[in-house]
Amino acid sequence: MRRTEASHAVAAVPNDLEAYWLPFTANRAFKAAPRLIARAKDMHYYTPEGRAVLDGTAGLWCTNAGHNRDPIVAAIRAQAAELDYAPAFQFSHPKAFELASRIAALAPADLDHVFFCNSGSEAVDTALKIALAYHNVRGEGARTRLIGRERGYHGVGFGGISVGGIVNNRKLFGTLLAGVDHLPATYSREHQAFTKGEPEWGAHLADDLERIVALHDASTIAAVIVEPMAGSTGVLPAPKGYLQRLRQICDKYGILLIFDEVITGFGRLGFPFAAERYGVVPDIMTFAKGITSGTVPMGGAIARKPIYEAFMRGPEHVVELFHGYTYSAHPLACAAGLATLDLYRHEKLFERAFMIESTFAAAAMSLKGLPNVLDIRTVGLTAGIDLASLPDGVGKRAYAAMEKAFYDEDMVIRVTGETIAITPPLIAGENEIAEIFDKVGKVIRAVA
C-alpha cells in the first residue's frame, strides 16, 4: 500500500480519553467503547482503522451538502491564507457583506438584515435580544415576556433553554430566565401517527396563544419563538395551518414571531427556508448548521426591514445594538458559507430534496409494522421513528440501536429518548436512501 493510501486508511487513536467532557453524551459509556471518526467524504465517515460508515444524520443536521466537498475545502484553505481574522466590532471584511446579501436574497419577503454569530444557540439568543431591544427602542419596554413551546429546542444558551421545552435540558439549571411561558407541543400520536408531511390535526393548538395573551396581556409579550419542524425533540412537523394561525395572532397583538430555522434552513425541507415552504413570513429567523455545511461554525439571525430600521435612529456615531461576538462573520466561516451556497445552487440541492421527499417518506414508512415501532413521521428529508421503551429504562432501546447501527451496520443514526432520527445529507440519492432504511430496519429487528 502506498503511503498516501495508508494515511487515509489508518489514523492515530488518542491514548487518553479522560480529559474531554463530551457534550450531550453518556461519557462513561462512550469512553468504555468509543465511537471515533477520523475523516469523512460525501456520504461517509471513516473510523481511525479505515472502516466506512454511512452518515444517516448529516452530521448533526448540518452537513447538508455532504462531507469535505472540494469547493468548500478549497475556499476555506484560500481564505486562511489570505485573511485569518478581521475585527468584528467597528471593522469588517468584504465577504461578510457578500454573504449577508446572499442569505438575504434567499430569505423570503423583507427578511433582509443579517446579524452573524457562531452557532444556533447564539443565533437564538441574538434573536431574543433583538426582539426585546426592538420593543424598547419603540417605547414599549414593558414587552419583556418570551413565549416558547413545550418540546421545543432552541440551543443551550440561557435564553434558548428558557424558551425551549425539553425537560432534561432545563431541570438542572435553576429558574432560567424569568417571564417565559410555553405553548403546548403540537404532537399527538393518537391523531397524527404515521403521517407523511404536515399532519392534518393540530392547527387549533396555536389558539393557546390567545389564552397566554389573556393571562399576561399583550402589552407584556415581546415574541413567540417556534421551530417550523421541531427536530431535536424527535421530528415533529408543524400541523397544517398551525404556523399561519400563529402569524395571525401575533399580528393581532403586535407580538414578534421568530422562526428557529437552525435545522430547517438550507434545504432540509426542500426550500431555502421552511418559511417559504409554509408561506409564513416571521419577523426574525435564525439559521446555522447548513449555512457552511457544518465545515466552520456559523449562525445568525435575519430580521425584517422595519425591525432593523427601528434601531437606525439617533446619532450616527453611536452603537445601535450592544450585542455581538468576537467571531461574528469570521472570514473562514464567510468563505465557507459562500462556497456552500454556490454548491447548493449549482447542484440544485434544495430542489433535489423537494423532488426526492416522497421517495424518502415511502422508504421510511416501509418500517411500519416492525417490532416496537410506535410511530414514524416524515417531512422533507427528515424522519423520526419512535420505539417502545424497554421495561428497565427509557432510552435504552434507542441507545442500543445507535450502537448496533455503528458497529454492526456501519451507519450513524441520531437518537433522542426512544426516537431514531434520520436526516441524511441532501446529496443522498435513491440508492443511499434505500440503504439507510434497510440498515435501520435491521437495527430495529436486532434490538427487538
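Ile 385 is in contact (heavy atoms within 4.5 Å) with Leu 367, Val 373, Asp 375, Ile 376, Glu 418, Thr 419, Ile 420, Phe 437, Val 440 and Ile 444, leaving aside neighbours within four places in sequence. A second, separate nonpolar core holds 20 residues, including Leu 256, Ile 258, Ile 284 and Ala 310. Such a core is a set of buried Ala, Val, Leu, Ile, Met, Phe, Trp, Tyr and Cys residues joined through side-chain atoms within 4.5 Å. Buried means under 20% relative accessible area, exposed over 50%, partly exposed in between (1.4 Å probe, protein chains only).

This is a predicted model: local features need pLDDT of at least 70, side-chain atom pairs count only at pLDDT 80 or more, and totals for chains, interfaces and linings use all residues. Residues are numbered from 1 along each chain as its sequence is written, and side-chain values use heavy atoms, without hydrogens or water.

The largest nonpolar core has 97 residues; Ile 385, Ile 413 and Phe 437 touch the most other members. H14 gives the largest share of this core, 9 residues.

Now to His 323. It sits in the loop between helix H13 (305-311) and helix H14 (331-346). Helices (H or I, at least four residues) and strands (E, at least two) are DSSP runs, numbered from the N terminus. His 323 is buried, at 16% relative accessible area. Beyond four places in sequence, His 323 touches Phe 115, Thr 126 and Lys 129.

Met 43 lies in the loop between strand E1 (39-41) and strand E2 (44-46). Met 43 is buried too, at 5% relative accessibility.
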